[in-house]
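Please walk through this model one element at a time.

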Amino acid sequence: MAFLVFTLVLLSSKLVVGNFSYDGNSGPSHWGDEYKQCIGKFQSPIDIEEKDVTNMTFPKLQFSDTENSHVAYMINNGHTVMIRSFDPDLPTISGGPINNTYVFQQLHFHWGQNDNLGSEDLINNRSFSMELHAVFWKKQYGSYDKATEYSDGLTVLGYLYQATDKSNPVFESIVSHILNIAEVDSNITLNDNTILGKLISPNLASTENYFTYKGSLTTPPCLEIVQWIDFVEPQYLSHEQLAVFRKIQSSDGRNLTHNFRPVQPLDGRIVYRNIPTSIISGTTIIAPTDSKQTTNSSEKLNPTKSSNEEDSHKEDGHNGQQSMWTISPFGVILGLIFLLQYQ
């Protein structure tokens, strides 16, 4: 069974290539030597400065099938701890800044050599202890591999974690088995069939509080095809739980003590902050796309193109997010005057 799972992992995804690391001659500063998109203009991660974001209210994010039971496998691919499922009915997301349904592919973790850093995206130049990435592909393209050929092919949800003295019970089934996948390419079946839902939708109220922007995969080949949704409120895990992640081996045989990419230039991209309708009055609602964006966002990409050849689809980074309807303040005032006559 373990061999079957490993074979499925190898055949079902080209998300991460093998010949890179986080140090030395194959570290992040050298990724662009072989993977030209890693030096593109719309790279991730970034430092999100709250003073520079644009506030918008998007449609509500919709999570489906996260509450169902899923057999989950945990894999050490030499770069991270990854969790996958091969069940037929996988979790999906829709709404928010995306204009279609996206299907769960896998989730994985990024951490640092100490508890003061480890997240990839920063908020106000602050790093968190760990970041979880849940990767989803656009359902209309039929498969993950096909979706990676399009500029709107992927959505990645980013969850921040801060190490504390308190253990997170959700992580117990993970950390208790990590040493079983210490060797590269090893895998194990988790004994918690609800782990995907617990990690992807831990608190639906907090999932309305997020930043979003157009970016890339944070590992080679660094494809610029990702709508990022970074949740603002950090969760927690204990120092001891986090320390276990650093005990798995990397592709070079050493302990994988850190696996985060440094932040990349924003290069004029707009970062949006979702303002939920529950905390504002006089709501402004933004349409997820307009006709121009729909045309651009489904443009087919050639992942092997050079960075100069990618200009044709990099316009998608601004995401067409300008169409909106606003409630007139004068209408609100007139309504209040009318009601006061009957008090």
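**A pocket, a strand and a loop residue**

By class, the second largest pocket is lined by three nonpolar, 10 polar and three charged residues. Here Ala, Val, Leu, Ile, Met, Phe, Trp, Tyr, Cys and Pro count as nonpolar, Asp, Glu, Lys and Arg as charged, and the others, Gly among them, as polar. The space in this pocket is about 230 Å³. Its lining has 16 residues, and those closest to the centre are Ser 21, Tyr 22, Ser 250, Asp 252 and Arg 254. A pocket is an open set of points on a 1 Å grid over the protein atoms alone, where a 1.4 Å probe fits, with protein on both sides within 12 Å along at least five of seven lines; lining residues have an atom within 4 Å of a point. Points are joined across faces, edges and corners, and the volume is the space filled by probe spheres set on them.

The model is predicted: local features need pLDDT of at least 70, side-chain atom pairs count only at pLDDT 80 or more, and totals for chains, interfaces and linings use all residues. Residues are numbered from 1 along each chain as its sequence is written, and side-chain values use heavy atoms, with hydrogens and water left out.

Asn 19 sits in the loop between α1 (2–12) and α2 (31–34). Asn 19 counts as partly exposed because its relative accessibility is 45%; buried means under 20%, exposed over 50%, and partly exposed in between (1.4 Å probe, protein chains only). Leaving aside residues up to four places away in sequence, Asn 19 touches Glu 34 and Tyr 35, where contact means heavy atoms within 4.5 Å. Asn 19 and Asp 252 are 233 residues apart in sequence, with their C-alpha atoms 9.9 Å apart.

Strand β4 (residues 73–76) is covered on both faces, with Tyr 73 and Ile 75 buried on one side and Met 74 and Asn 76 on the other. Strands (E, at least two residues) and helices (H or I, at least four) are DSSP runs, numbered from the N terminus. Two strands pair if DSSP finds at least two bridges between them. β4 runs antiparallel to β5 (residues 81–84), joined by four bridges, and Tyr 73 has Arg 84 as its bridge partner in β5. Four residues separate the two strands of this hairpin, and Gly 78 in the turn has a positive phi of about 90 degrees. β4 also pairs with β11 (residues 187–189), antiparallel over three bridges, where Tyr 73 stands opposite Thr 189.

The protein has nine helices and 17 strands. Of its 343 residues, 52% count as buried.
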